[in-house]
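Good morning, and thank you for joining this meeting.

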Amino acid sequence: MKWVKFRVKTTTEAEDIIISSLYDIGLEGAQIEDNVPLTAWEKEQMFVDILPEGPADDGTAFLSFFVEENEDGALIVNGESTDRERILQQVREELENIRMFMDIGEGTVMVDETEDIDWINNWKQYFHQFYIDDILVIPSWEDMKPEDSAKTVLHIDPGTAFGTGMHETTQLCIRQLRKYVNKETVLLDIGTGSGILAILSLMFGAKRAVGTDLDPCAVDAVRENCESNGINPEQFQMMIGNIITDKEVQEKVGSGCYDIVVANILADVLIPLTPVIVNQLKSGGIYITSGIIDDKEQAVAEAVRAAGLEVLDTSYQGEWVSITARKN
């Protein structure tokens, strides 16, 4: 199957109105490309591996709309056949109407053709087995090498929603977990995503793990990755919700019952999370944080100390920081 892409160059301010207007003529599912910084709400949703800051916002946005193309070259919009010239004319007319009452920047339209892609599986070509110290992380579609038979092996199929363990922030957490996990450990993983940190903790010998995430997709990701690694499902309980603001989630997670709380999330989320998570830790419990870009280290360290925790260790990898503390 082929698709025709109509790509509009505009301004970030005009994104919503253009998407709404083109929706009215049958162009749905816009792909948005811009450099607008994440809002505080959006950052709270990112309980997953994170990336460094991108380029500065220059106010430019690209909006792409994909229209199915039949073998005879006809395009299908609202279930009816049309052609690219007619769609292009309609798009330009809508843009000129919008331009009369707001700045839409260039307002130019580019038309391109793209082949149908298996979006669910195509990304697999970029994810291959790799090592975190003496841990082998390997996807299901690759075979283990004979020389790796003695290594700790983590089977992870991250899908398109969650991290793989390749990010520096995850690796910083894993090294701290190895220091503190023992056979009596009950662990809470905030923003568990694909479950990598909790699953490895159970493989290191932890007794039980609880994971929380905002994304309901984490439930299936964790279940599948537990099955791949032979983890008893009774050892890993998943909960969906925001532990920072939702009292019901806090009560369900439980207070004063965790030997380790690990949180690999944004620094801006760690700061409000820390005074909450103190309640979940046992006396003497360990709090492992990561996802801290280097210029936010001081702010997170201050939040940790303000919550009454003792900083035990600060470790670094690339431009990322991990702070480990204890509840005395």
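Predicted model: local features only at pLDDT ≥ 70, side-chain atom pairs only at ≥ 80, totals over all residues.

The protein contains 10 helices and 16 strands. It has 328 residues, of which 45% count as buried. If we take the contacts with a separation of 6 or more, 70% of them join residues 24 or more positions apart.

Let us turn to helix H1, which spans residues 15–24. Which residues of H1 are buried? They are Glu15, Ile18, Ser21 and Leu22. These four lie on the same side of H1, because they cover an arc of only 140° around the axis. The face turned away from that buried side carries Asp16, Tyr23 and Asp24, which are exposed.

Leaving out residues up to four places away in sequence, Leu88 touches Phe6, Val109 and Val111. Leu88 and Met110 are 22 residues apart along the chain, and their C-alpha atoms are separated by 9.0 Å.

I now move on to a pair of helices. Helix H5 covers residues 168–180 and helix H6 covers residues 196–203. Their axes come within 10 Å of each other and cross at roughly 25°. H5 is therefore roughly parallel to H6, since angles under 35 degrees are classed in that way. On the side of H5, the contact is made by Thr170, Cys173, Ile174 and Leu177. On the side of H6, the residues that make the contact are Ile196, Leu197, Leu200 and Ser201. As for handedness, the crossing of H5 and H6 is right-handed.

How many of the 8 residues of H6 are buried? The number is 7, so H6 is largely enclosed by the rest of the structure. The buried residues are Ile196, Leu197, Ala198, Ile199, Leu200, Ser201 and Leu202. Here too a glycine with a positive phi comes after the helix: Gly205 follows H6, and its phi is near 120°.

Next, I would draw your attention to a strand. Ser315 sits in strand E15, which runs over residues 309–317. Is Ser315 buried or exposed? Ser315 is buried, with a relative accessible area of 16%. Apart from its neighbours within four places in sequence, Ser315 is in contact with Leu172, Gln176, Trp320, Val321 and Ser322.

Finally, let us consider the cysteines. How many disulfides does the protein have? The count comes to 0, the rule being that two cysteine sulfur atoms must lie within 2.5 Å. Two of the cysteines can be described by their accessibility. Cys217 is partly exposed, at a relative accessible area of 46%. Cys226, by contrast, is buried, with 6% relative accessibility.

H1 has an exposed group of residues on the face turned away from its buried side, while H6 is largely enclosed by the rest of the structure. Thank you for your attention.

Technical notes
Residues numbered from 1 in each chain as written. Heavy atoms only, no water. Buried < 20%, exposed > 50% of the residue type's maximum accessible area, 1.4 Å probe, protein only. Helix = DSSP H or I, 4+ residues; strand = E, 2+ residues; numbered from the N terminus. Arc of directions from axis to C-beta. Axes fitted to C-alpha atoms, helices over the stretch in contact; angles between N-to-C directions. Parallel < 35°, antiparallel > 145°, perpendicular 65-115°, else oblique. Left-handed = near helix turned anticlockwise from the far one by under 90°. Contact = heavy atoms within 4.5 Å.
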